[in-house]
Amino acid sequence: MNKNFYITTPIYYPSGKPHMGHAYSSIIADIFARFKRLEGFDVFFLTGTDEHGLKIQREAEKNKKDPKVFCDDLSLSFKDLTKILHLSNNDFIRTTEKRHFKSVQEIWQRLENSGDIYLDKYRGWYSVSDEAYYDEDEITEENGKKISISSGSTVDWVEEESYFFKLSAWSNKLLELYRSNDDFILPTSRKNEVIKFVERGLKDLSVSRTSFSWGIPVPKNKKHVIYVWLDALTNYISALNFPNEKDQNFQKFWPASVHIIGKDILRFHAIYWPAFLLAAKLPVPKRVFGHGWILSDDKKMSKSLGNILDPIEIIKDYGVDQLRYYLVKEVSLGNDGSVSMQNLTNCINNDLANNYGNLCQRVFSFIKKNCSNKIPKPNKLDEIDEKFLNKLKNNTSNLITLMNKQNLNEFIKIVVSYSFDANKYFNDAEPWAKKKDDPERMESILFVICEQIKNISILLSPIIPVATEKVLKIMNLNIKKLSLDDIQNMKNFNHDKELNKLDILFSKIEK
Ligand code: MSP
């Protein structure tokens, strides 16, 4: 079986500081990347910034900066965010890099060579904010302004010479792709939306602009810059050293296993991108997963609405694991979900401090006090111990299936229930009551609960990497050396070594 896995985030417009929506796409992708590594896959996880186009050019002009200098500054804040969020990305691509320039020009050339590109004139609506073309039936009027119905952003009438991509010629091939590969677009509701849209018939797509210059020029016609979405989507193969298709990374990781994106950019990823690739005679990605929006006050967070929650501020006040956990626990992955500081506090207190944190804290303090601070060797395990451990162990393959379908919410629900069960097991087994009369039983109980803390920590490590690393380190284990196989392996502990120092894992937040 091919054990390579390639996962990407959208590349972000560095038109302003990163916000919660960006953090959300990245955290989700990171969780899947980390989980696949635990599963033993060789993972390539890519993120980066999307730096060309009129939107960025205008923003730079507003700030009286050269666009490249403007992007250098803001791209850096997205790169810093990868550290702040503890992302495990293998690469960070910027579309202003040379490697990307080469790759985009090659894609263009292939589309031209295959006869999929022709020169004409574009007349229609364009939203700079979305960097998207809209048809007449996709816009409406509000307060005397034309806006896109789907995104609400202002559209302008554009008339200019433009190269077109023969998207219309690819409708049937695309429909075949969606029908023959059930999981190409997930969640399924999103897939149906896309199919309906394509079935209505696709129009050819304008893929170059002449009214501004901030972009990658069309080879052999420098008057035109390549449409920013054709430029941006190509990042996914530029990072694998395309056009060198013999390159080891390209060979190993293309086609991508999954592109994680927000639902607002589904059309670009599920229609345009595979059509470009088919025309360029390159394999299409295996999956596009469109997550919902994080809403603040029930509205999409956006600069223009002024309702942006700053992930960096929240992390400063509450911690990175706390934000990661909250976002993916609270918001059902394919749907929109509102976030609030009140719910964040409740979630930290209930799930992290009182449940997993409390479990670790009380077990390790007990061992320190009663077992010379070493995890005891197991004596005889009772039926109740086996049953308790097996409930998790025997469900590992189901948990893997859930994660492979991006069913993150069900995964978390189950793992958190194991943590509740573990607190209950510890309460019911009462090791403190066995200390005097049955110390062997006490030791077995402590071994069993440590084993379960190890297993829960492995499963939670993609979601809360900082705390789980600490917990495993307390038990003299290293997450980098553990995998899902270790859930089946009861021989991880060094029983002669003392536990490491125990810090507070999650402080309770006063309301
Ligand atoms: N540059 C394009 C993507 C090109 S990928 C080849 C872009 N950039 S973006 O910065 O505007 O948005 C990037 C991602 O952030 C999108 O997936 C978008 O859905 C996500 N989010 C932006 N705001 C969001 C929320 N409020 N909630 C959740 N995610 C949203 O689009």
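Which residue of β8 is the bridge partner of Ile117? In this predicted model, the partner of Ile117 in β8 is Phe165.

**The sheet**

Strands β4 and β8 pair in the antiparallel sense over 10 bridges. They belong to an open sheet of 4 strands, ordered β5-β4-β8-β10, with antiparallel pairing. At the edges stand β5 and β10, each with a single partner strand, so one side of each has no neighbour in the sheet. Helix α10 lies across β5, β8 and β10 and runs at about 30° to β8.

| Element | Residues |
|---|---|
| Strand β4 | residues 117–127 |
| Strand β5 | residues 132–134 |
| Strand β8 | residues 156–165 |
| Strand β10 | residues 205–206 |
| Helix α10 | residues 266–279 |

**Helices α12 and α19**

Two packed helices are described by the angle between their axes and the distance between the axes. For helix α12 (residues 320–330) and helix α19 (residues 465–474), the axes come within 7 Å and cross at roughly 120°. On the α12 side the contact is made by Val320, Asp321 and Arg324, and on the α19 side by Pro465, Val466 and Ala467. By class, the residues of this contact divide into 4 nonpolar and 2 charged, with no polar ones.

Buried in α19 are Pro465, Ala467, Thr468, Val471, Leu472 and Ile474. The buried residues of α19 pack against α12 and also against α1 (20–38), α13 (341–370) and α18 (439–460). Asn476, which follows α19, has a positive phi near 60°.

Definitions and conventions
Residues numbered from 1 in each chain as written. Predicted model: local features only at pLDDT ≥ 70, side-chain atom pairs only at ≥ 80, totals over all residues. Heavy atoms only, no water. Axes fitted to C-alpha atoms, helices over the stretch in contact; angles between N-to-C directions. Helix = DSSP H or I, 4+ residues; strand = E, 2+ residues; numbered from the N terminus. Contact = heavy atoms within 4.5 Å. Nonpolar A, V, L, I, M, F, W, Y, C, P; charged D, E, K, R; others polar. Pairing = 2+ DSSP bridges. Buried < 20%, exposed > 50% of the residue type's maximum accessible area, 1.4 Å probe, protein only.
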